[in-house]
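I am opening a notebook on a structure that is new to me, and I want to set down what I looked up, one topic after another.

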Amino acid sequence: MHFGATRALDGVDFQCNAGEVHAVLGENGAGKSTLMKLIAGVLQPTHGQLRVDGRDVLLNSPRAALNHGLVCMFQELSLVPDLTVRENLLLGSPGAGIGWLSGDSLARAQDVLARIDGAQIRMGARVSDLTLPQRQQVEIAKAIMKRPRLLILDEATSALSASVVERVFGLVREERDNGIAILFISHRFHEIEALADRVSVFRNGRRVETFMKGAYDYKEIINMMVGQKIEELFPAKIPVGSDAEVVLDVRNFSWDGRVRDIDLTVRRGQIVGLGGLDGQGQGAFLMGLFGLLRKAEGTTAIGGASTDINSPKQAKQQEVGLAYIPEDRKTEGLILDQSIRENLALAALGRPDLDAGDGALYASSLEQLALRHGGLDLPVSSLSGGNQQKVVLAKWLALKPRCLLLADPTRGIDVKTKTQIYAMLRQLADQGTAIVLLSTDYEELIQLCDETHVFFDGEIIASLNGDDLTPENIIAAALNVAPESRAAHG
Amino acid sequence: MADYMKSNRREVIAGVVLVALLATYLGTHPRGASTYVMTIWANQCLILGLAACAQFFAVVVRGIDLSVGAVMALTNCVASYLLDGSAAGIASGMVAVVIVGALCGLLNGLIIVFGRIQPIVVTLATASVFVGLALLLRPTPGGAVNYDLADAVTLDVLGIPTALVITLVIVAGFWLPFRRTGLGLGLYALGSSEQAAFQSGINTRFIRLAAFTLAGLFGGLAGLFYSFVTTTGDAGIAAGFTLNSIAAVVLGGVLLRGGVGSLIGALAGAFILKTIASLMFFSGIPSLAQPLFEGLILAAAIAIGGADVLRARNKLEVFS
Amino acid sequence: MLRSLSVDSLMPYAGVVLLILGGSFFFPQVLSADYLSQQLQIAAFLGLLATGATIVILLGHIDLSVPWVLTGAAILSTALVGSGNPVLSALAVPAALAFGALIGVINGLGVAILRIPSMVWTLAVNSMLLGLAVLNTGGFNPKGESSPLMIAMASGDLLGLPVSFLIWIALSAALAWFLTRTPFGRYLRSIGFNEKATFLSGVSTPSVVFAAFAIAGMCSALGGVMLAGYANQAYQSMGDPFLLPTIAAVVIGGTSILGGRGGLFGTVGGALFITLLTSILSVMQIDDAWRNIIFGTIILIMLLFQTLRKGAVA
């Protein structure tokens, strides 16, 4: 299976048996999602064969996969936002064609919803009005309603609270005991621990190993996934004194009741992390710093000078010196149809003090990040995800920003690129750039950041550094529970 | 009910506006709310209403159909040959007229789906072809439509304008059930999120083909009804209807980005547009100023619909 | 500049050559200098409108107010000349251009600030302009006349070439330079592909939208002034027949209706092609019906050819 210049899956043999929960582990970009898409009929393999019940099958569309009983709950939600919950369920019900849709299977979907704590979701509500956890609950109901033979759960529970996750797991176990095969993809180790029977680890498009749960411990599995020890991925932290120069100073930042009273200080040499569950205000806070929010309150000082930023154009000017790496590089960070060169120049173009056409602006960051490309005039869409992110970084580093805001910059990126980005961020910090890193990856918040602020419901609920910076503390703060009670949530 | 109001806010607003406009119209009309006044009003409304239905099916799947008026012109000219003579002949003629419309839509759909060309561009070109065919049939306006039938369709049933009965039949007999079919929901799914539709196992090509065929079919119905109102065939009617059908669906709360709106909204939008025009006629505004007022009202209605974005607190929200 | 010479943008030129060769086979006079020069003169009117439309379409929008911006500019300029006052008469062309720019700004306001789809907003602006024109002229053909300058712009000759053609080409070349060599051009295409990412790169996207619609409005106004010079008068609905051919010229010239991709070089070819196609069909005395059918079919074939070629590459 090839994607652009990279091979997403390479000669993989993989088997999943009825009546078992088979967990698939791997870093982002290891090939898990590609494998799932092959099974769900969204993609077709360039080489190789899929077999269902020992027979070769051709899955050239999601419909074909559904007909074989292969049902996938995608991480990018497959619900139609403008339709109601009922209509989405009808649309996905087994045997739905173009004719009259019977509501027969709705009862089952409602049963499932009720069992996973989703009874309060109204059938008449539009999906776009639901919260992310509610959408995931509907997705789960929609998938199970189809009476699958193989059920793929791809990060199916990422936004759900621990108690709902436990209910979902109960349901999944029941399905398994009824002889259904389940493929389970999750980033949360304790979930794998709780649910899986067998585990396969993927790395760089290959299956590294398959084993029964418990055959290896946490550290060994991580090493298997990453190909090296965690500590080797991250550059060493250099302690920063409390007297170090303050580069970015934010006071009393509030916005629309969704972000409340945030104070944040970044000193020279520091990388400051922002953690928390999705949508707790950390993303909005970053956007606000970059001038993307209307009527945000509070003061921002960069290098001691107070600034008032109302637009990205203003934020990127030399006297302010902000740069923002947005969360979604494909729709927000890059213009996929344009060339690498054009993308690189887009931020520098509006700066009167820079000549955006001068390749030297970008050369050093491209070299340090080791961008692999077949020519700067090729469309940026021809690059792999990791290399695309390097282009986004280089585009902004050309402006020599004084403060770099990053929204989950390593999501969906291979390990090698991550290492390069980590090294680069550390170096920038040492050179005096203030770095604020929003991340959903606990390891980054712990290993890379000098201090991590965890957001909950629009506020910073915990600021962790030094020995306090542990996975347990971050998770506990993200869920707003005391650390010792975490065990109760599995 | 609350859910319905919330997710169909735009249609509800359009309905309220329509009722208010109609009341004003009947109030200011010198002859008041007589069957005669209502009938003429309803006939004008339904012609544009059917054109708006045609446009709706293209817009709901994130397309635009610039051939709506041309399909009307072609089917109108076909009708001017077929809608006279024996009862059986007229009946099959009516079916033939609608089939011609559907075939035009199917042709649009085939080129869009298999030629992978944007709907707006395809229908721009096919509109020229359809108008050409209409001109072949009727180089100058002419032909005839059976008067008895035309009267039956364009007058009233027990005091209720037939056009309103037809509207009701379209909504209750076609649209409401259609909305519950896989095809009906598939249209919305495709327009709302092609990715989600595909992953839900929907045959997106078929749905798009069906959408444009339905657009053609309703264009044919519009042409047919236009024939009953004017009882003649005219190849030159295309221009006004296409652009007005777009304005009508937008006024009726159908979003041009696809996936949102309903046939009821499209009809309401068309009725609003026509009622404004009729209202002008009796409003006492100098006749020369009427087109300007019509334009201003249209622009104001659309601008108010767009004023939501000024309240967006996050500047990125306006880009979706 | 070279990059804008894509195969798509060369196709209409190939079409032009084919049309001339094919047409001359039946009608030798097609090859005469007079005939070709006249085609260049007429193509300039469509071409100027298509130039403005290209800018807006590159941005990912569409301008349906072309017909009545054109008509309004024509009415305004001929009325100023018709007033008999030499000062007003001299102001005719600049006033018409300013009118076009103003309408462009109003278009930009709806699109960039209120975020109304351009297709709907420019349509509403078009109908307001229609209303203004009716109110102003009383529904009759407006009185007034063209100034010698307007007539020279539309019908004059310079160095053996029509002045209108030279104006069109000069304007296209200047704008093409502007599009490829200035940040504005880069922003325009970037917004056409992805407005959000462009905004996040620190570009004031609303100003770009305003500027693009203003340029387009001025192009339409210039087209109106020159058409009025050509006919020596303005008349109601003189712009209506131009709207769809304008879009067709842009699209045939290889500019994507979705925005971002394409350029003015192709549009020049597209305008020449459509003008020549229309002219040859009427020279051949084909009746109106078949002209419409052949016109639509040929545009479809050219569009299908574009996608077929891309299918072969991909």
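**Entry 1: the model and chain A as a whole**

I note at the outset that this is a predicted model. I began with the secondary structure of chain A, for which I find 18 helices and 20 strands. I then looked up the radius of gyration of chain A, which is 24 Å, while the globule rule gives 23 Å for 490 residues; the two values are close, so I can call chain A as compact as a globular protein of that length. Along the principal axes, the C-alpha atoms of chain A fill a box of roughly 65 × 50 × 50 Å.

I also looked up burial, and of the 490 residues in chain A, 48% are buried.

**Entry 2: a sheet of four strands in chain A**

I next followed an open sheet of 4 strands in chain A, whose order is β12-β11-β14-β15 and whose pairing is antiparallel. In chain A, β12 (259-267) and β15 (305-307) each have a single partner strand and stand at the edges, so one side of each has no neighbour in the sheet. Ignoring direction, I find that neighbouring strands of this sheet are turned by 15° against each other on average.

As a reminder to myself, strands of a sheet pair through backbone hydrogen bonds, in either the parallel or the antiparallel sense. Strand β14 (residues 297-302) of chain A pairs with β15(A) in the antiparallel sense over 3 bridges, and Thr300(A) stands opposite Thr307(A) in β15(A).

Which helix lies across β11, β12 and β14 of chain A? I find that helix α10 (residues 282-289) of chain A does, running at about 115° to β11(A).

**Entry 3: the contact between chains C and B**

Turning to the other chains, I looked up the contact to which chain C gives 42 residues and chain B gives 43 residues. On the side of chain C that touches chain B, the elements giving two or more residues are α6 (118-137), α10 (195-200), α12 (243-252) and α14 (288-313) of chain C. The residues of that side of chain C divide into 28 nonpolar, 9 polar and 5 charged.

Note on methods
Residues numbered from 1 in each chain as written. Chains lettered and ligands numbered in written order. Predicted model: local features only at pLDDT ≥ 70, side-chain atom pairs only at ≥ 80, totals over all residues. Contact = placed C-beta atoms within 7 Å. Nonpolar A, V, L, I, M, F, W, Y, C, P; charged D, E, K, R; others polar. Rg over C-alpha atoms; globule rule 2.2 N^0.38 Å. Buried ≥ 20, exposed ≤ 12 C-beta atoms within 10 Å, placed from the backbone. Pairing = 2+ DSSP bridges. Axes fitted to C-alpha atoms, helices over the stretch in contact; angles between N-to-C directions.
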